[in-house]
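Good morning, and thank you for making time for this item. Please take a moment with the sequence and the model before I go through the fold and its contacts.

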Amino acid sequence: MPPKYFPTRGHLLVCQGNSCQARGSALLYQALWKHLEREGLSYYKQGGSLRLTTSGCLGACSYGPTLCVYRPQGGGLQEGWYAGVDFPLARRIAQAVHEEAPLPSEHRYSPEAR
Ligand code: FES
């Protein structure tokens with residue numbers, strides 16, 4: 001039997017490469033994980049919709065902590081790439097994905113249309 005498939009509204013990845021860790025990305029990941037748990041936003045919670053994982057280097061090492069998000073949009077995937085992410089911004093990004101609202105523009109370095 002295959003594993004259970006959990007539909008999600010988006011996948012957030014928080015870089016845990018060396019440079020981002022030196023800028024606090026481990027704490028950022030833990031704080032965001034706890035927030036998603038507490039608010040019931042994680043995909044495995046009733047009504048939750050978000051997947052959160054760590055990643056290796058995302059290629060913006062001098063600007064970390066780096067976070068990227070992918071979410072379904074218009075039959076494709078929308079990307080959001082963020083540098084210098086702190087917990088309040090990570091929380092706003094997660095909330096926007098959960099609510100299927102526009103992604104925050106601050107600290108975003110990917111083009112808006114993607
Ligand atoms: S270490 Fe995070 S972007 Fe490279």
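Predicted model: local features only at pLDDT ≥ 70, side-chain atom pairs only at ≥ 80, totals over all residues.

Residues are numbered from 1 along each chain as its sequence is written, and side-chain values use heavy atoms, with hydrogens and water left out.

I turn now to the sheet. It is an open sheet of 4 strands in the order β2-β1-β3-β4, and its pairing is mixed. The edge strands, each of which pairs on one side only, are β2 (50–55) and β4 (76–82). On average, neighbouring strands of this sheet are turned by 20° against each other, direction ignored. Helices and strands here are DSSP runs numbered from the N terminus, helices being H or I of at least four residues and strands E of at least two. Two strands pair if DSSP finds at least two bridges between them. In general terms, strands of a sheet pair through backbone hydrogen bonds, either parallel or antiparallel.

The strands β3 (residues 67–73) and β4 run antiparallel and are joined by 7 bridges. P72 has L77 in β4 as its bridge partner. The hairpin of β3 and β4 has 2 residues between the strands, and G74 takes a positive phi near 55° there. Why is β4 described as largely enclosed by the rest of the structure? The description applies because 5 of the 7 residues of β4 are buried. Buried means under 20% relative accessible area, exposed over 50%, and partly exposed in between, with a 1.4 Å probe and protein chains only.

Helix α3 (residues 87–98) lies across β1, β2, β3 and β4, running at about 10° to β3. Contact means heavy atoms within 4.5 Å. For the angles, axes are lines fitted to C-alpha atoms, for helices over the stretch in contact, and values run from 0 to 180 degrees between N-to-C directions.

I would now like to look at the surroundings of S25. S25 lies in helix α2 (residues 25–38) and is buried, with a relative accessible area of 0%. A polar atom of the S25 side chain lies 2.9 Å from the backbone oxygen of C15. The backbone oxygen of S25, in turn, is reached by the side chain of Q16 at 3.0 Å. A polar contact is a pair of N or O atoms within 3.5 Å; within protein, one must be able to donate a hydrogen and the other to accept it, and residues adjacent in sequence count only if both atoms are side-chain atoms.

Q16 sits in the loop between β1 (10–15) and α1 (18–22), and at 17% relative accessibility Q16 counts as buried. Leaving out residues up to four places away in sequence, Q16 touches Q21, S25, A26, Y29, T54 and S55. V14, in strand β1, is also a contact of S25. V14 and S25 are 11 residues apart in sequence and 7.1 Å apart in space, C-alpha to C-alpha. V14 is buried at a relative accessible area of 0%.

What of the cysteines? The structure holds 0 disulfides, a disulfide being a pair of cysteine sulfur atoms within 2.5 Å. C15 counts as buried at 2% relative accessibility, whereas C61 counts as partly exposed at 32%.

Finally, how many salt bridges does the structure hold? There are 2, where a salt bridge is a side-chain nitrogen of Lys or Arg within 4 Å of a carboxyl oxygen of Asp or Glu. E37 forms a salt bridge with K45, with the closest N and O atoms 3.5 Å apart. E37 is partly exposed at 27% relative accessibility, and K45 is partly exposed at 29%. R92 forms a salt bridge with E106, the closest N and O atoms being 2.6 Å apart. This pair links distant parts of the chain, with R92 in helix α3 and E106 in the segment after α3, 14 residues apart. R92 is partly exposed, with a relative accessible area of 41%, and E106 is partly exposed, with 30%.
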